[in-house]
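Have a look at the chain first, and then we'll start with a pair of side chains.

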Amino acid sequence: MTARGYKIEEGNRLNNFAVEPKMYVDETVQAGFTEYAEKLNGRLAMIGFVSLLVLEIITGHGIVGWLTSL
């Protein structure tokens with residue numbers, strides 16, 4: 001492999017699609033009661049709460065009133 005990111009195959013054929021990305025392994029656990037999961041859960045809860053407030057301001061009804069008027 002050369003410095004430009006392409007490969008010369010047998011018979012001096014240029015293969016510029018043989019560039020492989022650099023791989024890395026992320027050792028951090030992102031499942032269960034971890035800091036990452038708790039932050040994600042909190043952020044999603046805040047988005048949901050603000051969405052319900054906006055819905056109530058726009059329609060003048062809460063979520064139950066809005067659903068029953070459909």
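Lys39 and Glu35 bring their side chains together in a salt bridge, with 3.4 Å from N to O. The term covers a side-chain nitrogen of Lys or Arg within 4 Å of a carboxyl oxygen of Asp or Glu. Going by that rule, the count is one salt bridge. Side chains of opposite charge can pair when their charged atoms come close.

Before going on, a word on the source: this is a predicted model, where local features need pLDDT of at least 70, side-chain atom pairs count only at pLDDT 80 or more, and totals for chains, interfaces and linings use all residues. Residues are numbered from 1 along each chain as its sequence is written, and side-chain values use heavy atoms, with hydrogens and water left out.

Both partners, Lys39 and Glu35, sit in helix H1, four residues apart, or about one turn of the helix. How open are they?

| Residue | Relative accessible area | Class |
|---|---|---|
| Glu35 | 58% | exposed |
| Lys39 | 43% | partly exposed |
| Trp66 | 31% | partly exposed |

After H1 comes Gly60, with a positive phi near 85 degrees.

Zooming out, the protein has two helices and two strands, in the order β-β-α-α along the sequence. These are DSSP runs numbered from the N terminus (helices: H or I, at least four residues; strands: E, at least two).

Now for the surface. Leu52, Ile63, Val64, Trp66, Leu67 and Leu70 make up a nonpolar patch there, with about 590 Å² of accessible area together. Helix H2 (residues 63-68) gives the largest share, four residues, and Trp66 is found in H2. Of the 70 residues in the protein, 4% are buried.

Finally, confidence: pLDDT is the predictor's own score for each residue, from 0 to 100. The protein averages 81, and 84% of its residues reach 70 or more. Among the elements, H1 has the highest mean (92) and strand S1 (residues 7-8) the lowest (72).

Note on methods:
Patch = residues over 30% accessible without salt bridge, like charges linked within 9 Å, V, L, I, M, F, W, Y side chains within 5 Å. Areas by Shrake-Rupley, 256 points an atom, 1.4 Å probe, with all protein chains shown as cover. Buried < 20%, exposed > 50% of the residue type's maximum accessible area, 1.4 Å probe, protein only.
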